[in-house]
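Open the model in your viewer and keep the selection panel at hand. Each stop below says what to select and what is there.

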Amino acid sequence: MIRLLWRDLVLAVRAGGGFGLGLGFFLILVTLVPFGVGPNSENLAIIAPGILWIGALLACLLSLDRIFALDFEDGSLDLLATAPVPLEGVVFAKALAHWITTGLPLVVAAPALGFLLHLESGAYWWLFITLLIGTPALSFIGAFGAALTVGLKRGGLLMSLLVLPLYIPTLIFGAEVVRRGAEGFLVSTPLMMQAGITAGAVALLPFAAAAAIRIALR
């Protein structure tokens, strides 16, 4: 699994669809928002938690179709399905590689980009925490959606329609934690809900994704 993880990380860097794509999209979105809603700092501070979380969600969505599609096209996925490593482990490694190359850079960059939206000073720490906890769920849910559409021509749109509704709870709780943190309220309930979603996604979705891949390879 470690070699598979390293392989996917190297391929993501070489292909240019990992670190740069999601981070570049995130930066463009955050930069454009003040032009659309106006430079008023009070208005930007109100919408900043939601905008930052929506940006992270859409940035993770950009590269989901690459998780299994390239391996399916060159036949590597068939070999991985018959390898000694369980297919669930393969899914886990690929979802983790997607998070490292897409989600983790967003976690690091989001607090800095929050400055452009005049994010409240008390919300920066909570933005970092919620993205660190929530973005793995985005990658694992996305891996499940990619597994459902693997082998389908132009399955990217279908995958987006399948995945986006599953992203909504993570988005709601993540933005709510940041909003409550900025206002000085307790954040334990939405934070625990978000952590529970991530734990459930990491524990269960590799099995569901592996089952979907086995069906697609028959």
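Helices here are DSSP runs of H or I with at least four residues, numbered from the N terminus. Keep in mind that the model is predicted.

**Stop one: a residue in α7.** Select Ser139, which sits in helix α7. Is Ser139 buried or exposed? Its relative accessibility is 0%, so Ser139 counts as buried. Now show what surrounds it. Beyond neighbours within four places in sequence, Ser139 is in contact with Ala95, His98 and Trp99. Zoom in on Trp99. Its backbone nitrogen lies 3.5 Å from a polar atom of the Ser139 side chain.

**Stop two: a helix pair.** Select residues 41–62 for α3 and residues 124–149 for α7. The two helices pack at an angle of about 30°, and their axes are 11 Å apart. Angles under 35 degrees count as roughly parallel, so α3 is roughly parallel to α7. Their crossing is right-handed.

Next, show the side chains where they meet. On α3, pick Leu52, Trp53, Ala56, Leu57 and Cys60. On α7, pick Leu127, Thr130, Leu131, Gly134, Thr135 and Leu138. By class, this contact between α3 and α7 has 8 nonpolar and 3 polar residues, with no charged ones.

**Stop three: a loop.** Move to the loop between α6 (87–114) and α7, and select His118 there. What is the phi of His118? The angle is positive, about 55°, although His118 is not a glycine. Relative accessibility is 39% for His118, so this residue counts as partly exposed.

Notes:
Residues are numbered from 1 along each chain as its sequence is written. This is a predicted model: local features need pLDDT of at least 70, side-chain atom pairs count only at pLDDT 80 or more; totals for chains, interfaces and linings use all residues. Side-chain values use heavy atoms; hydrogens and water are left out. Axes are lines fitted to C-alpha atoms, for helices over the stretch in contact, and angles run from 0 to 180 degrees between N-to-C directions. Angles under 35 degrees count as roughly parallel, over 145 as roughly antiparallel, 65 to 115 as roughly perpendicular and the rest as oblique. A crossing is left-handed if the near helix is turned anticlockwise from the far one by less than a right angle, and right-handed if clockwise. Contact means heavy atoms within 4.5 Å. Ala, Val, Leu, Ile, Met, Phe, Trp, Tyr, Cys and Pro count as nonpolar, Asp, Glu, Lys and Arg as charged, and the others, Gly among them, as polar. Buried means under 20% relative accessible area, exposed over 50%, partly exposed in between (1.4 Å probe, protein chains only). A polar contact is a pair of N or O atoms within 3.5 Å; within protein, one must be able to donate a hydrogen and the other to accept it, and residues adjacent in sequence count only if both atoms are side-chain atoms.
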